[in-house]
Amino acid sequence: LRDRKLIVQIIPFENRRQILVTHDATESERIEMMRRDFIANASHELRTPLTVINGFLEIAYSQPDLAQETRMGHLKLMIEQGERMQNLVEDMLTLTRLESIDYPLRAESVNVHNLLEQILQEARALSGGRHTISLLVDGPDVQGSSDELRSAFSNLVSNAVRYTPEGGHIDIAWKNGETGPEFSVRDDGIGISAEHIARLTERFYRVDKSRSRETQGTGLGLAIVKHVLLRHGAVLAIESEPEQGSTFTVRFNSPSFS
Ligand code: ADP
């Protein structure tokens with residue numbers, strides 16, 4: 001108890017005094033710190049694109065005779081920054097919803113084969129032919145939320161595309177593992193060094209901020225994955241080696257984990 005800050009109230013009770021621990025301030029301070037960090041990070045992430053958009057709007061206002069080509073270039077950058085803000089706000093809303101205790105899991109039978117076929121098409125579109133992407137489906141359907149599992153699996157697959165240089169390989173698989181069905185994404189991309197791995201699912205934690213932003217990353221993808229898996233009783237295993245690649249594996253407990 002030495003490192004904890006407990007708030008203790010001494011309450012008289014039938015001539016005796018009993019001590020009541022009403023509040024563990026260590027935990028609430030930690031939560032408060034996380035909340036402050038989240039707001040500070042989110043504000044910072046929103047401020048950057050807003051600054052760019054405002055800058056170009058001011059140019060458009062003060063220089064109405066700009067060449068058409070220059071104006072189109074500015075508009076394109078503003079659209080990109082607007083999309084970045086939209087992705088960020090969507091991810092923040094998703095995360096808040098997933099964390100809310102009164103947001104029950106709507107479990108249904110999830111057709112994993114269809115789900116992964118769709119994710120494969122999206123990954124190929126995102127890659128634009130720069131990677132070889134394969135899919136193996138050899139596991140059962142599961143009980144869970146299709147929307148949430150889609151978002152978790154698609155975050156892991158799009159990360160593999162985004163952090164793998166041109167010419168790389170990405171293998172997506174759904175199979176029976178030791179404890180139950182397993183979803184895995186293996187890439188031979190940039191990899192992650194050991195000291196970063198444990199922190200990857202923290203909100204806004206990124207190994208390389210500029211690479212994440214260049215590829216439309218919000219820094220919230222793996223935090224969303226973590227919360228979805230928690231709700232489904234599944235766990236995430238990350239194996240990675242710098243410059244060799246990464247494997248993200250989602251392990252479910254049994255075919256129906258509800
Ligand atoms: P982001 O939007 O930045 O990609 P994520 O939460 O999805 O946010 O991922 C957090 C960080 O983990 C990324 O910024 C990146 O540094 C690292 N990362 C995630 N997936 C991979 C991967 N497949 N290969 C290498 N690094 C990865």
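Student: How far is the ligand oxygen from a polar backbone atom of Gly219?
Tutor: The distance is 2.8 Å, counting as a polar contact (N or O atoms within 3.5 Å). This is a predicted model, with local features needing pLDDT of at least 70, side-chain atom pairs counting only at pLDDT 80 or more, and totals for chains, interfaces and linings using all residues. Residues are numbered from 1 along each chain as its sequence is written, and side-chain values use heavy atoms, without hydrogens or water.

Student: And what about Thr218 and Val207?
Tutor: A polar backbone atom of Thr218 is 2.9 Å from a ligand oxygen; for Val207 the figure is 3.0 Å.

Student: How much of the ligand's accessible area does the protein cover?
Tutor: 98% of the 530 Å² that the ligand has on its own (Shrake-Rupley, 1.4 Å probe).

Student: Which residues around it come nearest?
Tutor: Of 22 residues around the ligand (a heavy atom within 4 Å), the nearest are Asn159, Tyr163, Ser212, Gly219 and Leu222.

Student: Switching to the sheet: what's the strand order?
Tutor: E4-E6-E7-E9-E8, an open sheet of five strands with mixed pairing. Strands are DSSP E runs of at least two residues, numbered from the N terminus, and two pair if DSSP finds at least two bridges.

Student: Which strands are at the edges?
Tutor: E4 (132-138) and E8, each pairing on one side only.

Student: How does E8 join E9?
Tutor: Antiparallel, through seven bridges between residues 235-241 and 245-251. Val235 is the bridge partner of Arg251, and Leu236 that of Val250.

Student: What's in the turn?
Tutor: The hairpin has three residues between its strands, and Glu243 there has a positive phi of about 65 degrees.

Notes. Helix = DSSP H or I, 4+ residues; strand = E, 2+ residues; numbered from the N terminus. Polar contact = N/O pair within 3.5 Å; in protein donor to acceptor, adjacent residues only side chain to side chain.
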